[in-house]
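Morning, everyone. Please have a look at the structure first.

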Amino acid sequence: MAALAEQIREHQFYYYVLDKPVISDSEFDKLWRELVALEEAHPELRDPHSPTLEVGGGLETTFEQSDHLKSMMSLDNVFDGAEFEAWTERVLKEVSAPTWLCELKIDGLAINLLYQEGKLTKALTRGNGKTGEDVTLNVKTIKGVPLQLKGRDIPSTIEIRGEIYFPLAEFNELNAGIAESGKVPFANPRNAAAGSLRQKDPKITASRPLRLLVHGVGAIAGRNFQSQSEVYGALAEWGLPVSSRVETFRELKDVTKYIAKFDGARHSLDHEIDGVVVKVDQFEKQEKLGATSRAPRWAIAYKFAPEEVVTRLLDIKVSVGRTGRVTPFAHMEPVKVAGSTVTNATLHNQEEVERKGILIGDYVVIRKAGDVIPEVLGPVKSKRTGAERAFVMPTKCPECGSPLRAISEGDVDIRCSNNQSCPAQLRERLFYIGSRSALDIDVLGYEAAQALLDDGIVRDERDLFSISIDDLMKSEFFMKKDGSASAIAPRFIEGLEQAKSRPLWRVLVSLSIRHVGPTAAQSLVRAFGSIPALGKASAEELSAVEGIGPTIAHAIIEWFEVDWHREIIESWQRAGVIMVEEAKVLDQRFVGMTFVLTGALSGFTREEADEAITSRGGKSASSVSKKTSYVVVGESPGSKYDKALELGVPVLDEAAFVKLLGSID
């Protein structure tokens with residue numbers, strides 16, 4: 001369960017922060033549902049910080065952070081008629097005769113617009129549901145987003161929730177231009193929308209044809225509404241873009257007809273959708289149904305089944321990743337599926353190929369529902385001619401010729417044993433160091449990484465932060481035709497300099513230690529405070545860190561046992577890369593104590609309150625029990641407050657909580 005939770009957090013980071021998911025939506029849904037099933041079967045083992053209890057996306061980014069006035073929740077999903085029927089039965093047990101509001105689930109980027117006295121004052125991404133990224137300047141450039149609401153009875157304060165998306169026709173035009181210029185096109189419209197909105201220069205956002213459709217409200221002051229549909233009518237009157245495809249129904253049979261209608265028409269719309277959202281329309285009934293920690297119980301997303309097509313498998317090749325993992329992938333005849341042309345699909349490992357019974361030359365069924373990476377489901381055996389052949393995993397690395405081996409007995413993955421000098425691993429590791437998930441170094445993309453290696457500017461990571469302008473003059477990639485430095489050369493040197501002072505957890509991530517992604521790295525930095533201290537930690541000390549089990553602990557110890565790995569640390573440290581987290585040392589007054597937070601605190605975000613507790617040795621939990629030391633209550637507390645009173649657990653308001661913390665900066 002811990003490993004699965006960590007895997008999900010990593011994929012959330014790639015999806016929400018980097019806008020570059022590495023697995024398909026359907027694969028992520030499988031992981032999510034597997035974790036949910038395990039937690040329901042073993043509730044006593046559920047991590048109080050499990051991703052199933054949180055809204056995805058609450059991870060560090062390069063934008064300023066700001067709190068929503070009212071939490072911005074996610075939606076739970078159903079995937080077929082039986083699951084949808086089970087959800088409606090649960091609703092009808094709690095409320096009678098609801099009106100059902102149906103709307104399309106746009107595959108875009110969730111946004112929260114704050115209007116005060118009718119003026120747009122702030123635009124935030126969803127973030128972790130409590131806190132989002134401030135993208136106000138960029139949102140103001142989007143056509144159709146009113147800077148000032150018009151009309152009557154406009155609330156003094158209102159949060160308006162919606163989805164920013166990329167129209168399909170404009171997306172295809174943009175991608176054609178990007179491909180023509182020799183750059184990598186966007187994988188899909190959702191990535192294009194997210195990438196366009198997260199530009200540091202609003203002029204770039206303004207040049208992209210982004211659009212907005214609104215689908216709800218958060219905090220409201222100065223106006224009362226009875227239903228969601230009434231809100232939509234008011235939003236349209238005030239000049240906000242509301243979908244013309246929203247409908248309300250009294251009968252569930254009409255809801256299922258609506259779902260079926262748009263399942264069949266999803267590829268004929270002007271924007272991508274991945275399902276239909278069904279809501280209980282009346283606010284009074286919504287309040288009675290309530291919500292979980294991450295999603296309302298009065299709404300559900302009915303996600304459409306991924307689209308499937310058949311094409312011919314021409315070959316199975318392998319790629320080598322940054323940790324040496326060798327991954328087979330299918331190379332197929334180009335086929336259009338879910339609005340894009342597909343030629344490659346991952347096959348994960350040899351066991352997966354054998355399990356699915358796929359042969360080279362087969363006609364195969366592939367699935368892709370607006371996802372980034374298509375999935376090969378299996379062969380069409382009736383189309384076989386006898387000329388097909390089995391895939392045999394290579395025994396030597398296709399890039400360097402070194403032996404391939406499993407890391408441990410029973411490991412389904414095989415890896416290139418030449419970690420230090422395999423060209424593929426080096427290229428992927430350098431590229432990863434430069435990425436936004438690691439040190440975010442300007443210019444250090446795939447081509448730059450290849451040039452640094454091909455032209456002998458670096459042997460491996462050890463040399464990266466010692467590069468000078470003179471070194472770059474050895475490479476045509478960094479030079480003009482007249483032999484002088486191009487504009488990207490000084491940008492790269494400046495990017496290296498800026499990367500030296502990145503947060504320590506990013507430095508740790510950039511070392512490409514197996515299993516140590518952003519979430520694990522942040523936990524390790526909080527626990528040990530420096531890279532040298534981490535390198536000296538025992539397996540027991542590592543495993544004791546929240547979210548770090550024996551597998552990650554073993555990988556860390558194994559990495560630090562390699563001489564040239566330690567030389568990377570030493571070389572980077574000499575070059576000025578931070579290796580120690582600068583943190584205020586606090587007394588450990590909360591050791592052995594458990595806190596539960598409920599309601600909105602005015603002086604803290606939820607993450608800041610958690611940090612205030614854990615940095616003083618305490619534990620922040622999500623549920624109240626007799627063992628809870630204190631329940632900290634903010635504005636509009638939930639059922640946890642009632643539970644605390646029932647069990648006699650001490651309750652603190654925010655002022656008492658601050659006093660208990662002592663002096664805080």
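Start with C102. Its relative accessibility is 0%, so C102 counts as buried. Keep in mind that this is a predicted model.

The structure has zero of them. The cut-off is 2.5 Å. C416 is also buried, at 2% relative accessibility.

On to charges. The count is 21 salt bridges. I'll pick a few.

Take E399 and R427. They form a salt bridge, with the closest N and O atoms 3.2 Å apart. E399 sits in the loop between β16 and β17, and R427 sits in helix α12, so the pair ties together parts 28 residues apart in sequence. Buried or partly exposed? E399 is partly exposed at 39%, while R427 is buried at 10%.

Next, D442 and R491. Here the closest N and O atoms are 3.1 Å apart. D442 is in the loop between α12 and α13, and R491 is in helix α15, so this bridge ties together parts 49 residues apart in sequence. D442 is partly exposed, at 35%. R491 is partly exposed too, at 41%.

Now a pair within one helix. R566 and D563 meet in a salt bridge at 2.4 Å, N to O. Both lie in helix α21, three residues apart, which means about one helical turn between them. R566 is partly exposed at 33%, and D563 is partly exposed at 48%.

Last, a network: salt bridges link E352, R355 and K356. Thanks.

Technical notes
Residues numbered from 1 in each chain as written. Predicted model: local features only at pLDDT ≥ 70, side-chain atom pairs only at ≥ 80, totals over all residues. Heavy atoms only, no water. Buried < 20%, exposed > 50% of the residue type's maximum accessible area, 1.4 Å probe, protein only. Salt bridge = Lys/Arg side-chain N within 4 Å of Asp/Glu carboxyl O. Helix = DSSP H or I, 4+ residues; strand = E, 2+ residues; numbered from the N terminus.
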